[in-house]
Amino acid sequence: MTRALLRRTSAAAIAALTLALGAASATADDVVNDLDATIDPAAEVMPLTVGGADGTTTLSIVERNGDGKNGCNLTGQTVLTVSVTSSDPSKATVSPSSVTFTSCGATREVTVHAVAEGSSTVTLVAKSNTTGGSFDLAPATFRVDVSAATPTNTAPTVEVTGVTSGTAYEFGSVPDAMCQVTDAEDGDSSFPATLSAVTGGPAAGLGQQTATCAYTDAGGLEAVSSVTYSVVDTTAPVITRVSRLPGANPAGWNNADVTVTWSCSDTFLDEAASVTSRTVTSQGADQSATGTCTDLSGNSVSDTVSGISIDTTAPTIAAALSPSRPATAWWNIGSGAPTVTYTCGDELSGVASCTDAHTFGEGADQSHSGSVVDAAGNSATTGVSDVDVDLTAPGVTWVGGPADGGAYYFGPVPAAGTCDATDALSGPGACTVSGHATSVGTHTLTASAKDVAGNTTTAQRDYEVLAWTLKGFYQPVDMGGVWNTVKNGSTVPLKFEVFAGATELTDTAVVDTFTVTKVSCSTAGGSDDVELTTSGNTVLRYDASGGQFIQNWQTPKSAGACYKVTMTTDDGSATSALFRLK
């Protein structure tokens with residue numbers, strides 16, 4: 001219906017209402033609606049939509065006092081009943097179809113329901129009026145404009161799926177957050193949620209994160225949902241052993257500090273902890289070093305390297321010579337060659353090797369060193385020096401003296417002579433000759449040579465000292481054990497010769513002694529030696545004319561006594577005769 005037609009229809013209705021209420025309607029009480037705040041003959045408009053909400057308006061009475069009746073026309077038991085109608089119920093209907101007012105303060109609500117697109121006019125017509133006054137119903141008229149039904153649009157719902165609020169998820173294993181949309185008009189759908197930055201954790205990528213889903217449907221209705229969860233790191237880092245330096249020797253020992261290095265790997269590892277090392281500096285067996293990797297979330301992992309044995313102390317070694325050094329400072333034949341032995345020790349890793357004993361050979365100013373190595377490779381060295389060994393006897397050189405195997409008559413026997421020691425190593429020492437004798441008999445000379453080392457060599461020479469040859473006593477003395485009987489007190493000439501080989505000795509000095517021994521006349525056993533004294537004409541002399549020595553012996557004046565007279569020469573040779581005194 002056009003707007004002009006609506007106006008015409010409204011005017012006719014108003015005119016009819018005026019006629020029904022009388023000519024004084026201009027001053028009657030007004031029945032009005034509340035669709036706007038003005039009271040005028042123009043019809044108000046109530047817009048509705050097919051399928052939309054019903055419209056309502058409240059009818060009330062406004063006092064005018066122009067109809068000759070002061071105050072409200074509704075007094076006492078008076079009533080006003082009017083019908084309420086829609087000009088086109090196919091477009092809009094109104095209810096209730098009639099309303100009754102019993103006082104000016106009363107209000108009545110009417111409801112309009114949209115039926116189809118178009119317009120309809122709602123008017124009031126008086127059905128009963130017991131007031132005696134008039135009422136103007138035109139101000140209550142209104143037009144209903146019904147718009148076509150808009151499509152139904154239910155608000156969508158959206159849910160964050162895949163993650164749960166308040167849950168902690170391991171970094172790298174956070175489920176995909178999705179938006180699940182439910183919409184009656186647009187249909188169900190899903191899409192990835194919008195993720196906020198991860199904040200508040202110990203490292204970037206750890207902490208709180210919010211997944212947000214927002215959806216606006218085709219009708220402009222929006223739904224929003226969000227879920228906040230945690231991204232955490234509960235996985236321990238990885239520790240990898242990089243090196244153990246220096247490595248142990250084959251015996252499992254080190255002789256220096258040992259440093260063990262590990263590398264650390266983790267998504268959230270402090271850069272300063274990416275490599276860690278431990279140095280073992282103390283000495284000891286089977287020690288250990290532990291490396292630890294800790295990530296920014298406090299997760300840690302450790303690795304222990306055991307079997308670290310460190311010995312930095314050198315072993316001990318001592319050298320000893322046996323036998324000890326002789327007083328001569330040279331080891332000689334008597335002492336034997338020295339042997340140096342080494343005593344080794346180590347309190348920690350133990351001795352791995354120790355130099356064997358060494359026996360020296362001959363030589364001057366020798367030395368020898370020994371070493372010890374412990375199981376850790378520490379070593380020490382010591383030794384001995386100035387070792388002089390002479391195991392060779394010196395040589396002997398004779399200088400003068402009797403010849404070996406020589407024979408000499410008593411008297412002109414050569415002097416002992418001397419000797420020299422010879423030695424090419426330690427050097428010659430003293431050389432002495434012993435055993436020299438000039439007495440009759442076989443003699444042995446011994447030359448004793450020494451070298452500086454104290455070795456001794458002896459050499460011998462044998463020689464013979466020959467006795468002189470004694471002849472005599474000559475006549476008048478009988479020899480051969482015969483008793484010579486002489487008058488006591490008489491003088492007996494003792495005649496004899498002395499020969500050194502073929503050489504006759506004429507010097508009276510060759511005669512050592514004359515002894516007179518008193519003996520038993522029955523035996524040759526002696527007693528009471530009586531020295532033969534020579535004086536005056538009894539002096540020993542050599543008679544060159546006779547070629548003999550003469551010793552005049554004056555016999556004792558002891559008749560009946562027997563004597564043995566013995567002449568001894570310087571070489572110890574002797575000749576004797578027996579005498580009986582009468």
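What share of the 582 residues of the protein count as buried? The figure is 37%, and keep in mind that this is a predicted model.

Let's start with the overall build. The protein has one helix and 45 strands. Its radius of gyration is 84 Å, while the globule rule gives 25 Å for 582 residues, so the protein is more spread out than a compact globule. You can see that in the C-alpha trace too, which spans about 250 × 45 × 35 Å along its principal axes.

Here are some whole-protein values to keep at hand:

| Property of the protein | Value |
|---|---|
| Accessible surface | about 28100 Å² |
| Part of that surface belonging to carbon and sulfur atoms | 50% |
| Contacts joining residues at least 24 apart, among those between residues at least 6 apart in sequence | 60% |
| Distance between the mean positions of the positive and negative charges | 15 Å |

As for the charges themselves, the protein carries 24 positive and 58 negative ones.

Now zoom in on one residue, Ser83. You'll find Ser83 in strand E4, which runs over residues 80-86. Is Ser83 buried or exposed? Ser83 has 14% relative accessibility, and buried means under 20%, so Ser83 counts as buried.

And what does Ser83 touch, once its neighbours within four places in sequence are left aside? Its contacts are Ser97 and Ser98, along with Thr123, Leu124, Val125 and Lys127.

How values were computed:
Residues are numbered from 1 along each chain as its sequence is written. This is a predicted model: local features need pLDDT of at least 70, side-chain atom pairs count only at pLDDT 80 or more; totals for chains, interfaces and linings use all residues. Side-chain values use heavy atoms; hydrogens and water are left out. Helices (H or I, at least four residues) and strands (E, at least two) are DSSP runs, numbered from the N terminus. Buried means under 20% relative accessible area, exposed over 50%, partly exposed in between (1.4 Å probe, protein chains only). Contact means heavy atoms within 4.5 Å. The radius of gyration is taken over C-alpha atoms; the globule rule is 2.2 Å times the number of residues to the power 0.38. Accessible areas come from the Shrake-Rupley method with a 1.4 Å probe; for residues, only the protein chains shown count as cover. Lys and Arg count as positive and Asp and Glu as negative; His and the chain ends are not counted. The place of a charge is taken as NZ of Lys, CZ of Arg, CG of Asp or CD of Glu.
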